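Let's take a walk through a protein model together. Have the sequence and the 3D view ready, and follow along as we go.

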Amino acid sequence: YYERSYKNFYKVLEKHKRFISSLNEVTRIVVIGHSLSKVDVPYFEKILEVNGSPLDIKWEISFLSDADADRIDEFCRVLHINSNQAEKFKIMERLQT
């Protein structure tokens with residue numbers, strides 16, 4: 001599993017550095033259908049690093065199950081995203097509206 005999910009962070013970052021740098025004024029991030037695995041944390045850390053006001057970013061993160069919701073909580077803890085910055089939502093409920 002690890003070898004299949006491993007991403008060379010530095011190689012990907014170099015390839016997309018212009019795009020990532022353009023995220024310096026992002027104020028809202030919506031995450032839909034993402035596993036938020038440990039392997040993905042460095043990418044989100046980089047977005048926060050280049051952002052001028054990371055504490056002002058509002059996060060909307062979808063989930064399907066209680067296990068997903070727990071993973072979101074851990075993701076927010078690791079990235080120091082405050083509870084007032086993050087909203088979890090059930091994807092199926094959002095799709096029905």
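Before we start, one term: a salt bridge here means a side-chain nitrogen of Lys or Arg within 4 Å of a carboxyl oxygen of Asp or Glu. Also keep in mind that what you're looking at is a predicted model.

With that term in hand, find Arg71 and Asp68. How open to the outside are the two partners? Arg71 is partly exposed at 36% relative accessibility, whereas Asp68 is buried, with a relative accessible area of 18%. Buried means under 20% here, so Asp68 gets that label.

Now zoom out to what surrounds this helix. Helix H5 covers residues 66-78, and together with E2 and E3 it makes a right-handed β-α-β unit. Strand E2 (residues 58-63) and strand E3 (residues 86-90) pair in the parallel sense over 5 bridges. If you'd like a spot to look at, Ser62 stands opposite Phe89 in E3.

These two strands belong to an open sheet of 3 strands, ordered E1-E2-E3 with parallel pairing. The edges are strand E1 (28-31) and E3, each of which pairs on one side only. On average, neighbouring strands of this sheet are turned by 15 degrees against each other, ignoring direction.

Back to the charges. The structure holds 6 salt bridges in total. Side chains of opposite charge can pair when their charged atoms come close. Which parts of the chain does the pair of Glu60 and Arg28 tie together? Their side chains meet at 2.7 Å, N to O. Glu60 lies in strand E2 and Arg28 in strand E1, so this pair links parts that are 32 residues apart in sequence. Glu60 counts as buried at 12% relative accessibility, while Arg28 is exposed, with a relative accessible area of 53%.

Another salt bridge joins Glu14 and Lys17, whose closest N and O atoms are 3.1 Å apart. Lys17 is partly exposed, at 46% relative accessible area.

Met92 has its place in helix H6 (residues 91-96).

Terms used
Residues numbered from 1 in each chain as written. Predicted model: local features only at pLDDT ≥ 70, side-chain atom pairs only at ≥ 80, totals over all residues. Heavy atoms only, no water. Helix = DSSP H or I, 4+ residues; strand = E, 2+ residues; numbered from the N terminus. Pairing = 2+ DSSP bridges. Right-handed = clockwise from strand over helix to strand, strands pointing away. Axes fitted to C-alpha atoms, helices over the stretch in contact; angles between N-to-C directions. Buried < 20%, exposed > 50% of the residue type's maximum accessible area, 1.4 Å probe, protein only.
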